[in-house]
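Dear colleague,

I am passing on the structure below, together with some notes on what came out of it. Please read them with the structure open beside you.

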Amino acid sequence: MMMKNCMDIDECERNPLLCRGGTCVNTEGSFRCDCPLGHELSPSQEECLDVNECSLSDSLCRNGKCVNMVGTYQCFCDSGYQPTPDRQGCTDIDECMIMNGGCDTHCTNSEGSYECSCSDGYALMPDVRTCADIDECENNPDICDGGQCTNIPGEYRCLCYDGFMVSIDMKACVDVNECDLNSNICMFGECENTKGSFICHCQVGYSVKKGTTGCTDVNECEIGAHNCDMHASCVNVPGSFKCTCKEGWVGNGIKCIDLDECSNGTQRCSANAQCVNSPGSYHCACAEGFTGDGFTCSDVDECAENVDLCENGQCLNAPGAFRCECEMGFTPASDSKSCQGELLLLLPQLCSLALCWLL
């Protein structure tokens, strides 16, 4: 029996269209198609078809759009991202590294974006890049409660009024507790701290006077706030007053009664005067026949003052009086202050004898 010799057919050479899109490799009794990266064999195994990587995976080109290309794909990145060197991925663009992102002050990068921010005391303008000073004094008029606010670039300062002290950061006014600061500030009273000041609650007999601090003694005598008798003197003492009856009056000062100097022996009238009591005092009146101020009384020489005294007789002065020493034929009157004829003295007797008609 005769054997036939069989030879392999080179399909690749015979049909140049085999393995279109790839490389045809002849094999014993057949062939194979070697497809480049990004391609796959067709169902007939005779050509290489492009693989659409974009449809195969949703995770490709994150932060961008996947676009299929022959044998590969490329990413077209969203705003804020840039493609990787192989253009098959998207990475974040750090805008802050490029002229600080155009920010005035602070630039903060984020995934796919960035943000401008300002330092304390400044506000971001509508262009979201520029920073402008915040006027804290205008925005909050009470920010320096207890003081005056002064705006400065990026911040503010407080200038505090009396009764307040500025905080360490100079951004607030703190009330000063005067009661704790000076325990004697309300001497003769109790101190109560108030916002920016203090109040003294004074003891009886003390008050707060305008223009002074603390408690000042009230002069009850000066303002008429006392109950002394009208015949007493008011004497102011710390926190109170005392009443003392005036000279010529006796009592506790609240009630004073007249002192009768004439009765109690304290009067200083002359022995030749009469003491006359009066409210709060007394006066002396010299007795008849004496002259003076009552405390000193001198005898009046009636004979020298009136030479006509003691007609028909001689005038003789006596302490407090005078008497007549009558001439012959005259007799002193009963008060010895005149001289009468003897016939006149007998008239009453003669009349009683019914002899008056003879006269």
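Is Y282 buried or exposed? With a relative accessible area of 16%, Y282 is buried, because a residue counts as buried when its relative accessible area is under 20%. Please bear in mind throughout that this is a predicted model.

Two aromatic pairs were counted. In one of them, F188 and Y206 are stacked, with 4.5 Å from centre to centre and 5° between the planes. This pair links distant parts of the chain, since F188 lies in the loop between α4 (178-181) and β17 (189-194), while Y206 belongs to strand β19 (residues 206-207), 18 residues apart. As for accessibility, F188 is partly exposed at a relative accessible area of 39%, whereas Y206, at 13%, counts as buried.

Y282 itself pairs with F295: the ring centres are 6.2 Å apart and the planes stand at 70°, so the pair is edge-to-face, given that planes over 60 degrees apart are classed in that way. Here too the pair links distant parts of the chain, with Y282 in strand β26 (residues 281-286) and F295 in the loop between β27 (290-292) and β28 (297-299), 13 residues apart. In contrast to the buried Y282, F295 has 36% relative accessibility and counts as partly exposed.

Turning to charge, a patch of negative charge on the surface is formed by D8, D10, E13 and E28. Of these residues, D8 is located in the segment before α1 (11-14), and with a relative accessible area of 34% D8 is partly exposed.

Key
Residues numbered from 1 in each chain as written. Predicted model: local features only at pLDDT ≥ 70, side-chain atom pairs only at ≥ 80, totals over all residues. Heavy atoms only, no water. Patch = residues over 30% accessible without salt bridge, like charges linked within 9 Å, V, L, I, M, F, W, Y side chains within 5 Å. Areas by Shrake-Rupley, 256 points an atom, 1.4 Å probe, with all protein chains shown as cover. Salt bridge = Lys/Arg side-chain N within 4 Å of Asp/Glu carboxyl O. Lys, Arg positive; Asp, Glu negative; His and termini not counted. Charge placed at Lys NZ, Arg CZ, Asp CG, Glu CD. Helix = DSSP H or I, 4+ residues; strand = E, 2+ residues; numbered from the N terminus. Buried < 20%, exposed > 50% of the residue type's maximum accessible area, 1.4 Å probe, protein only. Phe/Tyr/Trp six-rings, centres within 6.5 Å; stacked < 30°, edge-to-face > 60°.
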